[in-house]
Amino acid sequence: EKTGLVRGSKHIPLPELEKRLSELNKNDTYITFCVSGKRSKTAAEILKKNGFKNVYNSKDGISTWPYKDMIEPVKKQSK
């Protein structure tokens, strides 16, 4: 399976999303991604529930992103 994130995107793991909503602008457009589309669906629902209007889910996961050269590995954050 292809994993990673789209270059220029913001990586917020699903368990951290609700406590990090303040990092996002409700007027921006967001596309949620994960490997399979299941966690990203949940992320999109959380965003919509919290007043984000322009939210789209990549329902089949990052492997369906058509621009493969834009996918970068996720960098682990040091603690």
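Student: Is Ser40 buried or exposed, and with what relative accessible area?

Tutor: This is a predicted model, in which local features need pLDDT of at least 70, side-chain atom pairs count only at pLDDT 80 or more, and totals for chains, interfaces and linings use all residues. Residues are numbered from 1 along each chain as its sequence is written, and side-chain values use heavy atoms, with hydrogens and water left out. Buried means under 20% relative accessible area, exposed over 50%, and partly exposed in between (1.4 Å probe, protein chains only). Ser40 is therefore buried, with a relative accessible area of 1%.

Student: Which residues does Ser40 touch, not counting residues up to four places away in sequence?

Tutor: Ser40 is found in helix H1; helices (H or I, at least four residues) and strands (E, at least two) are DSSP runs, numbered from the N terminus. Contact means heavy atoms within 4.5 Å. With residues up to four places away in sequence not counted, Ser40 touches Thr32, Phe33, Cys34, Asn57 and Ser58.

Student: How many Å does helix H1 reach from its first C-alpha to its last?

Tutor: Helix H1 spans residues 38-49 and has 12 residues. The expected span is 1.5 Å times one less than the number of residues, and for H1 the expected value is 16 Å.

Student: Why do the buried residues of H1 line one face of the helix?

Tutor: The buried residues of H1 are Ser40, Ala43, Ala44, Ile46 and Leu47. An α-helix has 3.6 residues a turn, so residues three or four places apart point the same way. The arc is that of the directions from the helix axis to the C-beta atoms. Seen down the axis of H1, its buried residues line one face because they fall within an arc of 160°.

Student: Which elements do the buried residues of H1 pack against?

Tutor: The face of H1 turned away from its buried side carries the exposed residues Lys38 and Lys49. The buried residues of H1 pack against S2 and strand S3 (54-57).

Student: How is the aromatic pair of Tyr30 and Phe52 oriented: stacked, tilted or edge-to-face?

Tutor: Rings of Phe, Tyr and Trp (its six-membered ring) pair if their centres lie within 6.5 Å; planes under 30 degrees apart count as stacked, over 60 as edge-to-face and the rest as tilted. The count comes to 1 aromatic pair: Tyr30 and Phe52 lie 5.8 Å apart centre to centre, with 75° between the planes, and are edge-to-face. This pair links distant parts of the chain, with Tyr30 in strand S2 and Phe52 in the loop between H1 and S3, 22 residues apart. Both residues are buried, and the orientation of their rings is edge-to-face.

Student: By how many Å are the C-alpha atoms of Asn25 and Phe52 separated?

Tutor: Asn25 lies in the loop between S1 and S2 and counts as partly exposed at 36% relative accessibility. Not counting residues up to four places away in sequence, Asn25 touches Tyr30 and Phe52. Asn25 and Phe52 are 27 residues apart along the chain, and their C-alpha atoms are separated by 8.1 Å.

Student: Which residues are linked in a network of salt bridges?

Tutor: A salt bridge is a side-chain nitrogen of Lys or Arg within 4 Å of a carboxyl oxygen of Asp or Glu, and a search of the whole structure finds 4. Glu23 meets Lys10 at 3.2 Å, N to O, and Glu23 also meets Arg20 at 2.8 Å. Glu16 meets Arg20 at 2.7 Å; Arg20 counts as buried at 15% relative accessibility, whereas Glu16 is partly exposed at 25%. The network links Lys10, Glu16, Arg20 and Glu23.
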